[in-house]
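Here is a short tour of one protein model, with the structure shown alongside.

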Amino acid sequence: MRVAQLGSGTPDVAVVAGIHGDEPCGVRAVERLLDERPTVKRPVKLIVVNEAALERQVRFVDEDLNRAFPGDPDSKTHEGKLASDLVSELEGCLAFSMHSTQSHAEPFAIVNGVSETAKDVVPQLPVTAMVETSTFAEGRLFSAVDTIEVECGLQGSETAAENADRLTRAFLTAVDVLPGDTVRRDLPVYRLTDVIRKDRATTYEVFVDNFTEVEPGAPFAAADGEEQIAKQSFYPVLMSSNGYEDVFGYTAEKIDVIETKATAE
């Protein structure tokens, strides 16, 4: 794990990249900040986490790090011990953690709960939605540390790397680390409600778009041609044919729209 800092003092904000070794977009954003070393108004910690997996260009070495928190300092797995080390490193910090996905090209945020911090910060980021994990947070970083997680775009794409840079700078501006202003956006909020399982098969298909409502009776996915039909309406989140080994993605409900307050002239 590589830890660096911009500014002097004890940071209470941290940028986290490289939780997964096959998602280099956030690492590039961190490296650009370290190359440029911009003037900061308050200190920030910059962390590249799973260096061993990044070097091998694999998602993880022994187990999925973002399902291993809070970890164990005596763990026999690389990620189990690394999870414990990262939780200790992030003590007292608001963490901003960057990921990429095989399911959706537009950036969106994921939070453990729609806290006042999330409602303040996330609408200042260039994201299209905020997703609350509800009961599906076990083992993820934000189950152990106050975290705003962002999906920056399609895994391995140049666009995801560019988005990671924009997202990081917007976050650091929103929390008063970097000088400047942000743009607030009206932001839909979704809550995960269920996992969409998929049977073992040779071919998988997805017929719907993430964050677009699926009506009851509509086919939304298939395994070896056998269709799954919606029993009730839902919004698909992180849906893809091959993103996860045993699930297509998640169902969600739309619970709110955080609206930008008009500024009096």
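## The three-stranded sheet

Three strands make up an open sheet in the order β9-β10-β11, and their pairing is antiparallel. β9 (204–206) and β11 are at the edges with a single partner strand each, so one side of each has no neighbour in the sheet. On average, neighbouring strands of this sheet are turned by 20 degrees against each other, direction ignored. Keep in mind as you look that this is a predicted model.

Between strand β10 (residues 219–223) and β11, which run antiparallel, there are 4 bridges.

## The ten-stranded sheet

The model also has an open sheet of 10 strands, with mixed pairing and the order β1-β3-β2-β4-β7-β5-β6-β8-β13-β12. Its edge strands, β1 (2–6) and β12 (235–237), each pair on one side only. Neighbouring strands in this sheet are turned by 30 degrees against each other on average, again with direction ignored.

At the β12 end, β12 pairs with strand β13 (residues 247–258) in the antiparallel sense, over 3 bridges. P236 has T251 in β13 as its bridge partner.

## A closer look at β2

How much of β2 is buried? The strand is mostly covered, with 5 of its 5 residues buried. In a regular strand, side chains alternate between the two faces of the sheet. In β2, V13, V15 and A17 point one way while A14 and V16 point the other way, and all are buried.

β2 is joined to β4 by 4 bridges, and these two strands run parallel. Here V15 has F96 in β4 as its bridge partner. β2 also pairs with β3 in the parallel sense, over 4 bridges, and V16 stands opposite I47 in β3.

Helix α5 (residues 158–174) lies across β2 (13–17), β3 (44–48), β4 (94–101) and β7 (147–154). The helix runs at about 155 degrees to β7.

## The largest pocket

If you are curious about open space in the model, the largest pocket holds about 620 Å³. It is lined by 30 residues, and those closest to its centre are R59, D64, R67, G243 and Y244. Which elements give two or more residues to this lining? They are β4, β7, β8 (187–197) and β13, and β4 gives the most, with 3 residues.

By residue class, the lining of the largest pocket divides into 12 charged, 11 polar and 7 nonpolar residues.

## The second largest pocket

The second largest pocket has a volume of about 310 Å³. Of the 17 residues that line this pocket, D194, K231, Q232, F234 and T251 lie nearest its centre.

At least two lining residues each come from β8, β11 (226–229) and β13. β8 has the largest share, with 5 residues. The lining of the second largest pocket divides into 7 nonpolar, 5 polar and 5 charged residues.

Technical notes. Residues are numbered from 1 along each chain as its sequence is written. This is a predicted model: local features need pLDDT of at least 70, side-chain atom pairs count only at pLDDT 80 or more; totals for chains, interfaces and linings use all residues. Side-chain values use heavy atoms; hydrogens and water are left out. Two strands pair if DSSP finds at least two bridges between them. Axes are lines fitted to C-alpha atoms, for helices over the stretch in contact, and angles run from 0 to 180 degrees between N-to-C directions. Contact means heavy atoms within 4.5 Å. On a 1 Å grid over the protein atoms alone, a cavity is a set of points where a 1.4 Å probe fits but cannot get out, and a pocket is an open set with protein on both sides within 12 Å along at least five of seven lines; lining residues have an atom within 4 Å of a point. Grid points are joined across faces, edges and corners, and a volume is the space filled by probe spheres set on the points. Ala, Val, Leu, Ile, Met, Phe, Trp, Tyr, Cys and Pro count as nonpolar, Asp, Glu, Lys and Arg as charged, and the others, Gly among them, as polar. Buried means under 20% relative accessible area, exposed over 50%, partly exposed in between (1.4 Å probe, protein chains only).
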